[in-house]
Amino acid sequence: MTRGAPQPGNADEMATPFLVARDVAKAFGGTQALKGVSLDIAPGEIHGLVGANGAGKSTFIRILAGLNHPDAGRLELDGHSQEIGTPQRATELGMSFIHQELAFVPGMTVLQNIMLGVPKKTRFGLTDWRAIARDVTPIARRVGISAPLNAGVKGLSTAEIWLINICRALVRKARLIVMDEPTASLAASEAERLFAIVRDLSASGVAVLYISHRLDEILSLCTRVSVFRDGRSVAELAGDALNRPALVEAIVGGAIRDTQRTGATRQRGDVVMEAKTLARAPNVRGVSLQLHAGEVLGIGGLVGAGRTELARLLFGADRPDSGEMTLMGRPYAPASPAAAVRAGLGLVPEERRAEALFLSKSIAFNLGIANLDKIAFGRYLPLMNRSARTSMAGETIRSLSIKARSASTPVGRLSGGNQQKVAIGRWLQRTPKVLILDEPTRGVDIGARAEIHRLIRQQAESGMAVLVISSEPDELPDLCDRVLVMAEGRIVRELTGQAVSRKAIVEASYVEPEALMEDHPA
Amino acid sequence: MSDVAISARRLSPGAKAALGIFARYGTIIGLLAMVVTFSILSPAAFPTLGNFTNVLNQASLAMIIAGGLTLAVVVGELDLSIGFAASLHGILITGLVVHDKLPIPLAVVIVIALGAVIGLVNGFIVTKVKVNSVIATLGVGTILTGLAFAYSAGVPIVAGVPEAFLQLSLGRWLFGIPNNIIAMIVVLGGLWLLVERTPLGQEIQAVGGNAVAARLAGVNVDRIKILGFVISGMCAALTGILLASRLGSGTASAADSYLLTAFAAVFLGSATLRDGEFHVLGTLVGALIIAFGFNGLNIFGAPTFSQYVLQGAILIIAVGMASLGRSLAER
């Protein structure tokens, strides 16, 4: 614990923090999600909050938002002890929350979205939108909403929706805005704009609690950073003590070091899978690639470049408009994911909770569902061999070091990293020829990320062909032998060996695809 | 989360545990409490082997059709055609036996096959034509009602029903246990085995739990949904057959009310043991609650209307308590 470490900034601010949390604890069922966290936030401070998945960040935020009630501990706002109780009360107390999944209604205008859930001025009993627009316009201008207030939000970018959420917080006169992974789905230039707004908010006295896995952002924005680990606040770093190694150390607890780039050292085998001018409107516009046994092939590019859509074509989740594929030299045109699985593919989809997992079901169920042929007694006795399923699950839990009480624990209770391991582990029992992983470490803590990377490399070394899609800047250079960069539905560059670097991937991502079509080997 | 849940804050861990237990075991506790209460109030009439057998015998048809419906809701769809289908099946089997003089086993096979076909049609409309299952099965059910009236010309088939046909439901072919009960045990036991203990059952549960994830895990979602409808249709056929045998006649709309009873049983069941998930065992418990509730009221001579009031009230209270209990226990 380094609570009470030297504080930066101005002594007045520190004297009267806006928010003080002391030894806040919360259990769900038998799981102690928060064992005791403390932090305080001064007015106008940009306070970072980091921690592995399952460290208790989400629970803490839910308590601040009045969605959960702490079992123990104390919360003070403006020096007064408060029981927040309900989301309405949290708003009254001056707190606003911008979650990863942004709150907005697609059918409404910008102004209506800004005023969502905010008490509105009325005239003769009717909502006085004119007066409201007059009040909101300066605030909208200040955060840089460029769309007219009476325009629909349909078609606005994620960044603009984010600005609408900020604007809503300001209209409610928020004094603390909690931002959960704000840059997760933003492009780099949009993120820069967001940082400028955060600094502007801070300068005007609005405090920000900034939660992110991206340590560079935390380091450049925050004056103080609290680190949660295993439901406790284990460190508060500021000033000289606030640097990347110290943060990593505090998050991981000294257990796991940064991974080394080991790409380009594996022996790559024959071509396992090939795609020729694969297309499906509007996102995939003629992609050709070869995937070799024993390699980790990365697909880089911006969000919306068509990478996920390409993975879905390869896996039979969508049918291509044109183009063809081969698998082990034979024509391959899967009519469904089931056909792709039979042919020897596995897909770990982008959204693990929505697309991969059965949250209320056990780990054993989630692993078994892709291996039903292995847990049947046999063709003539169509009963499930439950002990085979349990032992298969136990084996996977051990070999992937999934942290869970037993194979019967519901997957919904696991942390993000452990959930992801279940989504991956499902396929490993089948030893697929091709494993496709879409954003394998999104929202996963550093420790689990390193373990998942090690796992992916192991599979490639054992001869599997692995395709990894990632938007995490450092992930592909860390992991891949070869990287294809996609932009606007096409592959615009191939990077191999030492040419694979974060810089090269980012550069290629922003290049006009037409300019590079000739360079790319067909 | 409801406002009621929000206002009831700060529960002690003990209270939370109790609520969690109530959410899962509330229906079973309620069933036992009801049986005990009726037994105390009416020791001579209620807690007798004869009465219990009678209740089970009466309830078996509803349990069979509810068991089938469970499969449709487990795969995430609704089947509103079952009551209407069962009515048609009842008329049809009577007609096949009385007018066409078909051997009873053959008639049974034909009618159950027709039940499967109706399920197939429902499943096809829902999965391939992509019509919402409420609309699709309501439409199919309405058509079936029309067919039932067409087949019977609106007149019940009463005369000339052979004794052997009546024995289908009135007989006690095994150890003196009524055939209806045997059929119910075989069907529900079979469905429980299918859902809980077979690889196919894992796919069924997966489709109901998260259809997108099931598809990406290699499950053929459409095929499983169609299977759910087919099983639901076959169970409706069996209920229709046994009802016609019990009534000794084929009457259009005789089985229509089974739709409501089946839904009540299935949703009561979803509040049993598991958190809001549909399952065969739960449906059994739900059907028992309704059956014993009706029987108890009958014994006390309560008017018919009160039985419907009771059925509706129990359903809302049980499902409501379970969902409130869960949300409070989570806080």
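Helices here are DSSP runs of H or I with at least four residues, strands are runs of E with at least two, and both are numbered from the N terminus.

Quick housekeeping. This is a predicted model, where local features need pLDDT of at least 70 and side-chain atom pairs count only at pLDDT 80 or more, while totals for chains, interfaces and linings use all residues. Residues are numbered from 1 along each chain as its sequence is written, with chains lettered from A and ligands numbered from 1 in the order in which they are written.

Back to H6(A), residues 158–171. The expected span is 1.5 Å times one less than the number of residues. For the 14 residues of H6(A) that gives 20 Å, and the end C-alpha atoms are 20 Å apart, so the two agree. Its buried residues include Trp162(A), Asn165(A) and Arg168(A). Buried means 20 or more other C-beta atoms within 10 Å of a residue's own; 12 or fewer is exposed, in between is partly exposed, and the C-beta atoms are placed from the backbone.

Now, how many residues of strand E10 of chain A are buried? The count is 5 of the 5, residues 207–211, so E10(A) is largely enclosed by the rest of the structure. Side chains in a regular strand alternate between the two faces of the sheet. In E10(A), Ala207(A), Leu209(A) and Ile211(A) are on one side, with Val208(A) and Tyr210(A) on the other, and both faces are covered.

What about its neighbours? Strands pair if DSSP finds at least two bridges between them. E3(A), residues 46–51, runs parallel to E10(A) with 4 bridges, and Ile46(A) sits opposite Val208(A). E9(A), residues 176–180, is also parallel to E10(A), through 5 bridges; there, Asp180(A) has Ile211(A) as its bridge partner.

Next, an open sheet of 6 strands in chain A, with mixed pairing, in the order E18-E21-E22-E15-E23-E24. E18 (345–348) and E24 (490–496) are at the edges with a single partner strand each, so each has one side without a neighbour in the sheet. From one strand to the next, the twist averages 20°. Within the sheet, E15(A) and E22(A) run parallel, joined by 4 bridges, and Gly298(A) is opposite Val468(A). Helix H16(A), residues 446–461, packs on this sheet, touching E15, E21 and E22, with its direction at about 150° to that of E22(A). For angles, axes are lines fitted to C-alpha atoms, for helices over the stretch in contact, and the range is 0 to 180 degrees between N-to-C directions.

On to the chain contact: 30 residues from chain A and 24 residues from chain B. Contact means C-beta atoms, placed from the backbone, within 7 Å. Chain A's side has 20 nonpolar, 7 polar and 3 charged residues. Nonpolar covers Ala, Val, Leu, Ile, Met, Phe, Trp, Tyr, Cys and Pro; charged is Asp, Glu, Lys and Arg; the others, Gly among them, are polar.

Last, chain B. An automatic or database domain assignment supplies the bounds: domain 1 is 11–47 + 272–331, domain 2 is 61–256. Their centres, over C-alpha atoms, are 26 Å apart. In chain B, 7 residues of domain 1 are in contact with 11 residues of domain 2, and the domain 1 side has 5 nonpolar, 2 polar and no charged residues.

Conventions
Contact = placed C-beta atoms within 7 Å.
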